[in-house]
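Work through the exercises below with the sequence and the model open. Each task is followed by a solution in steps.

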Amino acid sequence: MGLREVLLAVFAFGALAFALAVVSTRNTVYAALEFVAHLLCLAALYCLLDAPLLGVLQVMVYAGAIMVLFLFAVMMLDIQETGRESAFQGPGQVAGALLLAALLFALLVFGADRFPAAALAPAAAPGAPGVGADNVVRVARALFERGALVFEAVGVLLLTAVVAVMVMAKRRLEN
Amino acid sequence: MFGVGFFLALAFALFAVGAFGVLTRRDPLVMFMCIEMMFNSGNLALVALSRYLGLASGHALVFFVVAVAAAEVAVGLGIIIAIFRTEKDVNVDHLSELKG
Amino acid sequence: MAFTVTVMGLLIFAAAVAANFAGMILTSTILGPKRRNSVKDQPFECGSLPVGPTHTRFHIRFYLTAILFLIFDIEVVFLYPFITILRPELGVTGLWIMGAFLAVLVFGLAYEWRRGGMEWD
Amino acid sequence: MIPAYGLRDLAVLGPEIACILGAALVLGLDMAFRSQSSKRLVEAAAALALGVSAALALGRLAAGPGSAFGGQVLDGAVPDVFRLGLAATGLLTLVLARREGGSQGLLHAEFYALLLFALGAMELITVSQDLMLSFVALETFSLAMYVLAGFNKAWHGNREAALKYFLLGAFAAAFFVLGMALVFGALGSVRLDAASALLSGGKLAAPREMLLDLGLSLCATALLFKVGAAPFHLWTPDVYAGSTTPVAYFLSAGAKLAGFGALLKLLGAVPGCPAPFPQILAVLAVATLLAGNLGALRQTNLKRLLAYSSVAHTGYVLVGLLGLGTAGSGAAASVLAYTLVYAVMAFVAFGLVAAAEGGLKRPLLLEDLQGMGFERPYFSLALAVAMVSMAGLPPTAGFIVKLGVFKAALDGGHTLAAVVAILNSVVSAAVYLRVLVALYMLPKSPDGAQGGARLSGTLGFAVVALALALLALGLLPGSLLALGSL
């Protein structure tokens, strides 16, 4: 087992462990911080999986900006009130959800189980550079040469989000 | 050991954990974090499959998904905050006026 | 092997940071005098008395600013891969693509500005 | 190198671009003239954009199928009729919103802009061949709809509805992301045309095909949420009851058109659906029918009744979807016809609710309708036509389209689902009969609504015209049947 495998194991374990921590922690602030740790583990995994650009993206956008918004939201709400005695639904619903989640996991694993290595031949020719080589340029090509239309659609989505946020925030001006 | 199957299984596990969280938690902020966790499991699957297939186009998909998730977070937290500012309580179970 | 070399620097750095961090805390606990009294147990805030609850609620204007930051954060993230292939491959068409995207976002900025999303009061 | 996209590509997306530019125009007008007088201007601009969008969709229909942006977008007769229907639904929503008067307050421009953004994205998803593009479109109209659902400031309950709707919607969107990842794993791209080419050629190894099926099913799950199929229907009654009437109409009709347009694209890419999928769909369809019709039976609040009825109608359309993949079943046409006719029926029903609840401080109840039958004959007749059509009885358009979906399911070999759907029709007749009984047979309730229920202006004209259209289409179903030849 080389260094890469050790790191993969550590971060994969970390991602799963912090995910479980988010789900089980009562306090919202702690949950948010554990979620940040989860995201950082994922960023490390991306780097180890030859996607350095996505690792940076994950830190910049997810851990950096999205989680800041989450923490703002936590700070704007009364955290003493939330997450005390009623952090979870009743035991019946928890058991049901556990069953559902296990079923979902089993279904997905069962569905994907048959397909590993032998059947799913890599699309790239053998010996071709992996996704890590020249990663930024290759991602940029996929983004702007074939994905130009989606890119513009994302622009419209962001504009919609700005208008939507203004509606939610400015409502109080009228009252 | 760390083939594409491992990462797919990890992604599915994270997806299931997130789904469990959405169904059991009451705090909308934590529920929303769990939803983001499910989004991220899709991204992880995309990255692992891209590496396996040797196609960087999967990375471009992750770019778009992250941008979409950012927009969704902005609006979603806006909704949660707007409710809080009038209700002073964001426990989904107290939102019972509409039940039935 | 190449991978180990690439990551080794990062690992050594991380180990050094951790050692430094642990060392500073450890030395101050070992060497520092420990005399507890009621004044010392109070939270310290640069000489001023702490007033009010620790969890003060933020105003929503912070949130509006943060949203703007998020939107333009996304934009910057897209700009970086864009410039790497602008000159050799995308050319003028690429400028049109990015121009349209930026026009949409700047329109959003203008809208938020005009609607008072950036007023501090 | 960037492929050479040109005006020809943009022309295929003309209806969408008209909506987006219209939204920008609305916001721009609002920024330029911030005053009460700009209100009419904004309304006119939104109507203009939707009119242009409808005209362009009609032009695309006449021009025949066209592929654009390297095959990411492919229109054809069915998507073009969906786009036309969406633009028309948008115009009808404007008519309803006009009736509501200044309930959008200072935010009227944002209301119209979000409506136009949503419609543009909805039209886009019906022509998209690229799952990533579909996902962005899906999220755009979802975000707009979450906020529209919370647009009613008079009654704070609707914000809770917006929160519920949002959390469940985001939950469903996560399924789409994972599904997309699996499709990418199977194909190396997320293009539906690539999927159908590989599947029909039989060139895909069985395990990869399984991965592809799993991925497409997850994507379909997310879309089923959007159309309010069971078990994702839980949000509908609360959200409809909490929203303003125009928004409730838009959520029910618009989301159905867009969701089923996208589902037709998605499932159309899978020739001869793999074994478990149609069975699962059949179970969902039956569950949706039962949930909708049994739920509607208990309701006294008219908007909640219409919400459950909307769920039930989703069930009927799903039954029609079962025939997909069987040649000659006309499944796609039956789905198209049903959703279009539903949009008309729902407009008549919601329009009359809007007319009746004018000035009412509480939700409109069934007992408010009591004794209205002979007092307000036109109002009651129009409502009666809508109810008969929703129950699927002749001589209305609802009857014709219901026959279409039953036939599609029977031809597809889903006899059991078709039989359950027909039995459900009988149950649903009881639901709508309650409304008719209240209108014509029960005496006026002492604390019923007073003075409302006047049909006047644009809304009155549109409601009466469309109610007549429902009758006309039921008696002369030629144009509905013509959809089958598209």
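This is a predicted model: local features need pLDDT of at least 70, side-chain atom pairs count only at pLDDT 80 or more; totals for chains, interfaces and linings use all residues.

**Exercise 1. Find how far helix α14 of chain D reaches, and how many of its residues are buried.**

Solution. Start with the extent: α14(D) runs over residues 331-356, which is 26 residues. Next, take the distance from the first C-alpha to the last, which is 37 Å. Compare this with the 38 Å expected at 1.5 Å a residue; the two values are close. Finally, check the cover: 24 of the 26 residues of α14(D) are buried, so the helix is mostly covered, given that buried means under 20% relative accessible area.

**Exercise 2. Decide whether helix α10 of chain D is enclosed or open, and list its buried residues.**

Solution. The helix spans residues 235-242 of chain D. Go through them in turn: D:Trp235, D:Thr236, D:Pro237, D:Asp238, D:Val239, D:Tyr240, D:Ala241 and D:Gly242 are buried. That makes eight of eight, so α10(D) is largely enclosed by the rest of the structure.

**Exercise 3. Describe the largest cavity: its volume, its lining and the helices that supply the lining.**

Solution. The structure has seven cavities of 30 Å³ or more. The largest cavity holds about 50 Å³ of space. Its lining consists of D:Ile125, D:Ser128, D:Leu131, D:Ser134, D:Phe176, D:Leu192, D:Leu223, D:Ala262, D:Lys265 and D:Leu266. Sort these by type: seven are nonpolar, two polar and one charged. Then sort by element: α6 (131-149) and α11 (245-268) of chain D each give at least two residues. The largest share, three residues, is that of α11(D).

**Exercise 4. Do likewise for the second largest pocket, and state which chains its lining elements belong to.**

Solution. The volume of the second largest pocket is about 960 Å³. It is lined by 31 residues, and the closest to its centre are A:Leu149, A:Glu152, C:Ala100, D:Leu10 and D:Ile17. The elements that give two or more residues belong to chains A, C and D: α6 (148-174) of chain A, α2 (60-114) of chain C, and α1 (7-12), α2 (14-32), α5 (108-127) and α6 of chain D. By type, the lining has 25 nonpolar, four polar and two charged residues.

**Exercise 5. Classify D:Gly28 by its accessibility and find its C-alpha separation from D:Phe82.**

Solution. D:Gly28 belongs to helix α2 of chain D. At 26% relative accessibility, D:Gly28 falls in the partly exposed class. D:Phe82 is 54 residues away along the chain, and the two C-alpha atoms are separated by 28 Å.

Conventions: Residues are numbered from 1 along each chain as its sequence is written. Chains are lettered from A and ligands numbered from 1 in the order in which they are written. Side-chain values use heavy atoms; hydrogens and water are left out. Helices (H or I, at least four residues) and strands (E, at least two) are DSSP runs, numbered from the N terminus. The expected span of a helix is 1.5 Å times one less than its number of residues. Buried means under 20% relative accessible area, exposed over 50%, partly exposed in between (1.4 Å probe, protein chains only). On a 1 Å grid over the protein atoms alone, a cavity is a set of points where a 1.4 Å probe fits but cannot get out, and a pocket is an open set with protein on both sides within 12 Å along at least five of seven lines; lining residues have an atom within 4 Å of a point. Grid points are joined across faces, edges and corners, and a volume is the space filled by probe spheres set on the points. Ala, Val, Leu, Ile, Met, Phe, Trp, Tyr, Cys and Pro count as nonpolar, Asp, Glu, Lys and Arg as charged, and the others, Gly among them, as polar.
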